[in-house]
Amino acid sequence: MSRNTFQKLRQPKMLVENKTSFSGPDSEVSIYDTYEPAKRVRLDSKELLFCGMITGRKIMYTPELPRGEVFLPHESFVVAPGEVIDIDFPDASMEDPTTCLTVEISREKVNQLSSQLVEETAIEGGVSDWRLGEPILHTHHSSETQGLLSRLIKLFSENHPDRNVLIDLNISELIIRMLRHKTRDFLLTYCSNNPEANGLIAALDWINSTLSQPLDVDRLCKHACMSRSRLYAEFKKKVGCSPLELQQQLRLKRAAERLIDGETITAVSYDLGFSNPSHFCYRFKNFFGCTATEYKKNKR
């Protein structure tokens, strides 16, 4: 399918949540374009639903978030089967539509990969598998996930001879990324309550509580009672990134929270260990896909 044909399929038939869908094995990809402001548009699914923002801004309402939460590009959220959210589209227009991509994935596929991943990354202390009934997961997604979503759109919309096999591989990767992030969030929450549960938890707690300081890997190894090689192996397997990468991500997420609370870019950048505001702004835009000023404005 050519790009022009794909764009023709997306021509608006509805002004709110205009849907273009493509089906694959165990999954369906949809692109939703909204061309006018709207309030309290219902979204639910019988299967697991991964949603990635492409352009514009949404405000999501759930029982856990009755006042709403802003959803921006480079962010994603996951809706478990049977959960319901309401969405506002405050900025949508014909010239600048609000666009979101969703991937609906069968629960059998999720459960299969979840069981496999839990077996491989089991941690003493009770890290569980993906729980479909837990509250909606809303998070920033990485450039790798952004690239994965672009590949999925391309695969779903073209007639490649190996289309179904490639879609299945990419959907599996997307599920694994979700599970990894869920596990990491669980570990970070767990370490704040049980900082000495085991070596990995102790290391996570150390990083999370010393974000303003340069990361001393040798001290981190001693704190976790691990060799350097084992520490890096544990992080790669169970957190999905290196200790330094995790520190950088946590710094930027903490910075984003403080900017929303009204603190200045200069104060936040120096307080969280960045060498200067310019370096902070460069890292922030790389991670969030927009400047710190734009992020602060949109979130508030």
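**Exercise 1. In what order do the 4 strands of the open sheet lie, and is their pairing parallel or antiparallel?**

Bear in mind as you work that this is a predicted model.

Step 1: Read across the open sheet, and the strands come in the order 3-8-5-6. Their pairing is antiparallel.

Step 2: Now look at the edges. Strand 3 (38-44) and strand 6 (65-71) sit there, each pairing on one side only.

**Exercise 2. Take strand 5 and strand 8: over how many bridges do they pair?**

Step 1: Find strand 5 at residues 58-62 and strand 8 at residues 84-89.

Step 2: Follow the pairing, which is antiparallel and runs over 3 bridges.

**Exercise 3. Describe the ring pair of Phe-280 and Phe-284, then work out why both residues count as buried.**

Step 1: Start with the total, which is 7 aromatic pairs. In the pair of Phe-280 and Phe-284, the centres are 5.6 Å apart and the planes make an angle of 55°.

Step 2: Name the geometry. Stacked needs planes under 30 degrees apart and edge-to-face needs over 60, so the rest are tilted. The pair of Phe-280 and Phe-284 is tilted.

Step 3: Apply the cut-off for buried, which is under 20% relative accessible area. Phe-280 counts as buried because its relative accessibility is 0%. Phe-284 is buried too, because its value is 0%.

**Exercise 4. Which residues do ring pairs link into a cluster with Phe-288 and Tyr-295?**

Step 1: Begin with the pair itself. Phe-288 and Tyr-295 form a tilted pair, 4.8 Å centre to centre with 50° between the planes.

Step 2: Phe-288 has 6% relative accessibility, so Phe-288 counts as buried. Tyr-295 is also at 6%, so Tyr-295 counts as buried.

Step 3: Widen the view. Ring pairs link Phe-288 and Tyr-295 with Phe-274, Phe-280, Phe-284 and Phe-287 into a cluster.

**Exercise 5. Over which rings do Arg-40 and Arg-251 sit?**

Step 1: Move on to Arg-251. Its charged end sits over the ring of Phe-274, at 5.8 Å from the centre.

Step 2: Tie this back to Exercise 4: Phe-274 is one of the cluster residues.

Terms used: Residues are numbered from 1 along each chain as its sequence is written. This is a predicted model: local features need pLDDT of at least 70, side-chain atom pairs count only at pLDDT 80 or more; totals for chains, interfaces and linings use all residues. Side-chain values use heavy atoms; hydrogens and water are left out. Rings of Phe, Tyr and Trp (its six-membered ring) pair if their centres lie within 6.5 Å; planes under 30 degrees apart count as stacked, over 60 as edge-to-face and the rest as tilted. Buried means under 20% relative accessible area, exposed over 50%, partly exposed in between (1.4 Å probe, protein chains only). A charge sits over a ring if NZ of Lys or CZ of Arg is within 6 Å of the ring centre and within 35 degrees of the ring normal. Two strands pair if DSSP finds at least two bridges between them. Helices (H or I, at least four residues) and strands (E, at least two) are DSSP runs, numbered from the N terminus.
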